[in-house]
Amino acid sequence: MARTAERAPDEISAERLKHRLDGGDEFALLDTRPASDFEGWHIPEAEHYRFTPEMDLDVEAFQSETGLERDDSVVIICAKGLSSRYLAEELADAGYDSVSNVADGMKGWSAVYDAVDVETPGEAAIVQIQRRAKGCLGYLVADPESGAAAAVDVSRHAEEYRQAAADRGWHIERVLDTHVHADHISGGRELADALGVPYHLGERVAERDVAFDYQALARNETVEVGDIDIKALFTPGHTSGMASYLVGDEAVLTGDTLFVDSVGRTELQFGDSDADSGAEMLYDSLHGTLLAEPDSVVVLPGHADPASVSFDPGTEVSTTVRRLRTGLSLLDHDREAFVEYITDNVPEKPPNYERVIAINRGQSAPSDDEEAIELELGPNRCAAE
C-alpha cells in the first residue's frame with residue numbers, strides 16, 4: 001500500500017547520478033534490490049541494503065548496518081525507482097536531510113553513456129561511445145577534414161551516436177556491426193535506415209540466416225569515409241561471422257574477439273558441445289590476424305567490464321597489439337592449451353541471450369520498448385573468464 005511521506009526526498013535521474021559520481025560529490029549510494037540482482041549487476045560505488053515497500057525502517061538498525069547518520073548524504077536506487085522511493089521517504093521522515101531517489105533506477109542507468117575521444121597516431125578521428133552500465137563500447141570513425149563518419153556497433157540508443165557526431169560537426173555516411181550481438185539489441189540497422197546510408201556486416205554473417213538486407217563486406221574489403229579507409233578483417237571465433245575493422249594502419253575495432261584483458265567466449269553460437277571449434281577459430285583469428293598487425297596499432301574492443309578497475313568511465317578503453325602480445329598471458333598458450341582453457345572456463349551466459357540474438361538476426365522484434373529494456377538489463381558477459 002502506498003504511503004504518504006511527511007517529507008519528500010529529492011528525485012534525480014540516472015544521468016544526474018552519473019554527474020554526481022563524476023563530480024566527486026560525497027554521498028552513500030544504496031541499492032535496495034534483492035541480493036541476487038545486486039550481486040549479478042550493480043553500480044560499482046553502490047552498497048547493498050535490502051528494502052521493500054512492505055518493510056518499516058528501523059533507524060537504529062539502519063545506522064548500525066550502514067554507518068550512515070542523519071547528516072550524511074544518501075542516494076538510493078532500485079530497479080525502476082519505485083521500491084527505492086519508499087526507503088528514501090522513510091529516511092527523510094526520520095530526519096535525514098539529504099536524501100535522493102534515482103527516479104528511473106537501474107533501468108535509467110542502463111541508458112547512461114559517455115562519448116570519449118580516442119587518441120590515435122594517425123589521421124582518423126575516433127570516438128568511443130561507452131554504455132556505462134553494461135560496458136558496451138561502440139564507435140564513430142571519421143575523417144575530420146570532410147566530417148564524413150562511420151558508426152560501428154551502435155546500441156539501441158542510436159541517438160547517442162547521432163548526437164556525438166553532431167557535436168563534432170560530422171555526418172554519418174555508413175553504419176557497421178562487427179557481428180550478431182548476444183547481450184544487447186543492436187541499433188545499427190535502424191540508424192542506417194533513418195539516415196538512408198549503407199549498413200554493413202561481414203559476408204559470413206549470411207551463415208546465421210539473418211532476415212534483413214545489408215551490404216556484405218568480403219575479407220579484406222575496404223570502405224571509405226572521406227579519406228579514411230576501414231578494412232574488414234575476418235576474425236571468427238566468438239561468432240562465425242565476426243569481423244574486426246582496421247582503421248587505416250592505426251587502430252582496429254575488435255568487437256568481441258579481443259578485449260584489453262581477455263578474449264571472446266565461443267559457446268554462445270557454437271554451443272557448449274561444439275565450443276572447441278569456435279575456440280580453434282578464435283585462436284587462428286588472434287594469432288593469424290589481429291596479433292599479426294604492427295605493435296603500434298591501437299586495439300579498441302567492443303566491451304569492457306563495468307566492475308573492473310581497468311574501466312574508468314569517461315576515459316578511453318584501449319590497448320595496443322604490442323601490450324596484448326606481451327602482457328596477456330592467455331595469448332602465450334599454444335593452440336591445444338588455449339582451446340582447453342576457453343572451453344573449460346565458460347562464464348555465466350548473458351540474460352535472455354537467445355531472444356536477443358533472434359532480434360539481432362531480424363527473426364523477431366521486441367514487443368515494445370519496455371520489453372527491450374528488460375531484455376538488456378544486466379552486465380555484458382561476452383568475454384571468456
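This is a predicted model: local features need pLDDT of at least 70, side-chain atom pairs count only at pLDDT 80 or more; totals for chains, interfaces and linings use all residues.
## The open sheet

Five strands make up an open sheet. Their order is β1-β5-β4-β2-β3, and the pairing is parallel. The edge strands are β1 (10–12) and β3 (47–48). Each has a single partner strand, so one side of each is left without a neighbour in the sheet. Strand β4 covers residues 73–77 and is joined to β2 by four bridges. The two run parallel. Across this pair, Asp 31 stands opposite Ile 77 in β4.

Two helices pack on the sheet. Helix α1 (residues 14–22) touches β1, β2, β4 and β5 (98–102). The direction of α1 makes about 140° with that of β4. Helix α4 touches β1, β4 and β5. Its direction makes about 170° with that of β5.

## Helix α3

Helix α3 spans residues 59–66. Val 59, Phe 62, Gln 63 and Thr 66 are its buried residues. Seen down the axis of α3, they fall within an arc of 95°, so they line one face of the helix. The buried residues of α3 pack against β2 (28–31) and α4 (83–93). Glu 60, Ser 64 and Glu 65 are exposed, on the face turned away from the buried side.

Both ends have local features. Asp 58 caps the N-terminal end of α3. A side-chain oxygen of Asp 58 lies 3.2 Å from the backbone nitrogen of Glu 60. Just after the helix, Gly 67 takes a positive phi of about 75°.

Ser 100 is in strand β5. Is Ser 100 buried or exposed? Its relative accessibility is 3%, so Ser 100 counts as buried, the cut-off being under 20%. Leaving out residues up to four places away in sequence, Ser 100 touches Asp 10, Ile 12, Arg 20, Val 74, Val 75 and Ile 76.

Ser 13 sits in the loop between β1 and α1. At 31% relative accessibility, Ser 13 counts as partly exposed. The side chain of Ser 13 has a polar atom 3.0 Å from the backbone nitrogen of Arg 16. Which residues does Ser 13 contact, leaving aside neighbours within four places in sequence? They are Val 102 and Asp 104. Ser 13 and Asp 104 are 91 residues apart in sequence, yet their C-alpha atoms are 6.1 Å apart in space.

## Nonpolar cores

The largest nonpolar core has 29 residues. Those with the most contacts inside it are Leu 140, Ala 151, Val 154, Trp 170, Ile 172, Val 175 and Leu 191. Strands β7 (125–131), β8 (136–142), β9 (148–152), β10 (171–176) and β11 (199–202) are among the elements that each supply at least two residues. So are helices α6 (159–167), α7 (188–195) and α12 (353–360).

Ala 151 gives a close-up of this core. Not counting residues up to four places away in sequence, Ala 151 touches Tyr 139, Leu 140, Tyr 161, Ile 172, Arg 174, Val 175, Leu 176 and Leu 191. Another core lies apart from the largest one. This other core has 26 residues, among them Leu 137, Ala 232, Ala 251 and Val 317. In soluble globular proteins, nonpolar side chains tend to be buried together.

Methods:
Residues are numbered from 1 along each chain as its sequence is written. Side-chain values use heavy atoms; hydrogens and water are left out. Buried means under 20% relative accessible area, exposed over 50%, partly exposed in between (1.4 Å probe, protein chains only). The arc is that of the directions from the helix axis to the C-beta atoms. Contact means heavy atoms within 4.5 Å. A polar contact is a pair of N or O atoms within 3.5 Å; within protein, one must be able to donate a hydrogen and the other to accept it, and residues adjacent in sequence count only if both atoms are side-chain atoms. Two strands pair if DSSP finds at least two bridges between them. Axes are lines fitted to C-alpha atoms, for helices over the stretch in contact, and angles run from 0 to 180 degrees between N-to-C directions. A nonpolar core is a set of buried Ala, Val, Leu, Ile, Met, Phe, Trp, Tyr and Cys residues joined through side-chain atoms within 4.5 Å.
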